[in-house]
Amino acid sequence: MAWQWFHRMGSPRWFYEKFAPWEKGLAIIAVILLVVGAIWGLGFSPAERLQGNSARILYIHVPAAIVAMAGYYVMAISGAVGLIWRMKMAFISLKCAAHIGAVLTFLALFTGALWGKPTWGTYWEWDARMTSTLVLLLLYLGIIALQSAYSNQEAADKTSAILALVGSINIPIIYLSVKFWNTLHQGATIKITGESSIDASMAYPLITMILAYYLAFAWLMIAHMRAEILQRERKTVWVQDLVKESE
Amino acid sequence: MHPVRKQRLIIVLFIVLGSSIVVGLVMWSLNSNLNYFYPPSKIAEAPVGKAIRAGGCVVPGSVVQAKDTLRVDFVITDGVADLAVTYDKILPALFGEGEAAVMKGRLNEKGVLVATQVLAKHDENYTPAEVSKSVQNDSVDRSKDVEICKGLNYGT
């Protein structure tokens with residue numbers, strides 16, 4: 001009985017119907033938190049001692065980078081579940097995580113470049129943190145390319161699952177790059193153990209934004225997965241019925 | 001677990017572990033080459049005659065600005081060794097004494113780094129301007145800045 005939810009999750013129809021209210025609910029909460037966090041961080045949090053107002057981009061940059069990496073785990077675990085249990089939903093989740101993860105990684109790299117110019121004096125340097133994050137973007141783009149490279153969806157799913165698993169070592173590398181090697185990018189500010197080196201007046205809007213990005217990720221995943229279900233199950237009776245109803 | 005699934009699980013673990021070990025070995029063998037800059041105490045390991053990057057904390061009180069040109073001389077340290085640097089272009093806005101910086105250039109015969117590029121390396125601390133002002137009013141000494149510099153990772 002304990003595994004019932006797991007088997008249910010494997011049913012595209014069950015997922016499509018069950019998660020319709022989740023999509024709406026998460027959308028509302030995520031958008032509210034994003035707006036609150038952005039106004040708080042960009043408008044009301046104090047300017048940084050040395051960097052002044054340019055440090056405010058951290059409210060966009062840091063959550064994007066965190067969720068971009070978390071998204072890779074969602075994608076790699078989906079790939080593993082897909083390969084082991086041959087679940088349709090796992091492969092759908094893999095594809096959708098790749099799309100959202102790629103956008104977030106691009107956002108992290110782009111805002112990082114904009115932030116780098118006024119603080120470091122350069123848009124881009126090939127240090128370990130930046131290079132490994134570029135590799136993350138290339139992995140995401142590789143999965144997206146693989147998905148459309150095959151005419152057979154099953155072959156595309158299996159190949160992209162293997163690529164996702166092979167690339168999973170990149171996530172600890174990105175995370176630890178600033179510890180292992182000396183880099184231009186600074187070390188971690190928010191520490192899991194020990195005191196974080198950010199003032200509370202800036203930490204609260206940042207935490208709000210991180211939470212908002214996670215919820216937005218969940219919302220976009222559900223929305224994208226539901227759309228992907230309709231696309232992949234378009235020949236089934238229940239999708240045909242849905243189309244007839246809406247006409 | 002069904003034996004077929006168990007076998008697939010083993011294959012999945014093999015893919016993840018295998019690729020991780022391969023990448024890990026590559027990283028391990030490349031280790032020092034993945035560093036972005038040399039700290040002053042390891043500058044002897046840097047290739048001679050090639051453009052290198054050095055990084056460290058700008059020693060408070062060491063910055064000498066020429067009166068008629070953009071030329072600026074300063075000393076960086078990693079707490080173990082010092083390195084003199086000379087530069088003749090505009091410094092980044094965040095460059096300052098007691099802050100970290102990374103510079104690219106060649107060592108001259110006197111062992112001074114003639115920099116062609118200086119980048120400011122900021123630390124992971126975020127402090128509001130107001131808080132910092134009140135701290136500075138209480139104490140004039142720059143021990144706080146040196147402390148910030150100490151926390152930086154120079155790879156030593």
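The buried residues of H6(A) pack against H4, H5, H7 and helix H8 (170-180) of chain A. The model is predicted. Nine names make up the buried set: Ala128(A), Arg129(A), Met130(A), Thr133(A), Leu136(A), Leu139(A), Tyr140(A), Ile143(A) and Leu146(A). One of them is an arginine, Arg129(A).

H6(A) itself runs over residues 128-149. Its 22 residues should span 32 Å at 1.5 Å a residue. The end C-alpha atoms lie 31 Å apart, so the span agrees with that expectation.

Ser132(A) also belongs to H6 of chain A. Is Ser132(A) buried or partly exposed? Within 10 Å there are 19 other C-beta atoms. A buried residue needs 20 or more, and an exposed one has 12 or fewer. Ser132(A) is therefore partly exposed. What does Ser132(A) contact, leaving aside its neighbours within four places in sequence? The partners are Asn170(A), Ile173(A), Ile174(A) and Ser177(A). Helix H8 of chain A covers residues 170-180. Leu33(A) is elsewhere: 99 residues from Ser132(A) in sequence, and 30 Å away in space, C-alpha to C-alpha.

Next comes the pairing of H6(A) with H7(A). H7(A) covers residues 153-166. The two helices pack at an angle of about 165 degrees, and their axes are 8 Å apart. Angles over 145 degrees count as roughly antiparallel, so H6(A) is roughly antiparallel to H7(A). The crossing is right-handed. On the H6(A) side, the contact uses Gly142(A), Ile143(A), Leu146(A), Gln147(A) and Ala149(A). On the H7(A) side, it uses Ala156(A), Thr159(A), Ser160(A), Leu163(A) and Ala164(A). By class, six of these residues are nonpolar, four are polar and none is charged. Ile143(A) and Leu146(A) are also among the buried residues of H6(A).

Now go back along chain A to H5(A), residues 88-119. This helix has 32 residues. From first C-alpha to last it reaches 46 Å, close to the 46 Å expected at 1.5 Å a residue. Gly121(A) follows H5(A), with a positive phi near 100 degrees.

Phi of Arg86(A) is near 55 degrees, a positive value in a residue other than glycine. How many other C-beta atoms lie within 10 Å of Arg86(A)? There are 16, so Arg86(A) is partly exposed.

H4(A) passes H1(B) in a right-handed crossing. Ala80(A), Leu83(A), Ile84(A) and Trp85(A) make the contact from H4(A). Arg5(B), Arg8(B), Leu9(B) and Val12(B) make it from H1(B). The classes are six nonpolar, no polar and two charged residues.

Finally, take the contact between the chains as a whole. In it, 36 residues of chain B are in contact with 36 residues of chain A. Which elements of chain B give two or more residues to its side? They are H1, strand E6 (113-121) and helix H2 (129-138). H1(B) supplies the largest share, nine residues. By class, the chain B side has 20 nonpolar, 10 polar and six charged residues.

Methods: Residues are numbered from 1 along each chain as its sequence is written. Chains are lettered from A and ligands numbered from 1 in the order in which they are written. This is a predicted model: local features need pLDDT of at least 70, side-chain atom pairs count only at pLDDT 80 or more; totals for chains, interfaces and linings use all residues. A crossing is left-handed if the near helix is turned anticlockwise from the far one by less than a right angle, and right-handed if clockwise. Helices (H or I, at least four residues) and strands (E, at least two) are DSSP runs, numbered from the N terminus. Two residues are in contact if their C-beta atoms, placed from the backbone, lie within 7 Å. Ala, Val, Leu, Ile, Met, Phe, Trp, Tyr, Cys and Pro count as nonpolar, Asp, Glu, Lys and Arg as charged, and the others, Gly among them, as polar. The expected span of a helix is 1.5 Å times one less than its number of residues. Axes are lines fitted to C-alpha atoms, for helices over the stretch in contact, and angles run from 0 to 180 degrees between N-to-C directions. Angles under 35 degrees count as roughly parallel, over 145 as roughly antiparallel, 65 to 115 as roughly perpendicular and the rest as oblique.
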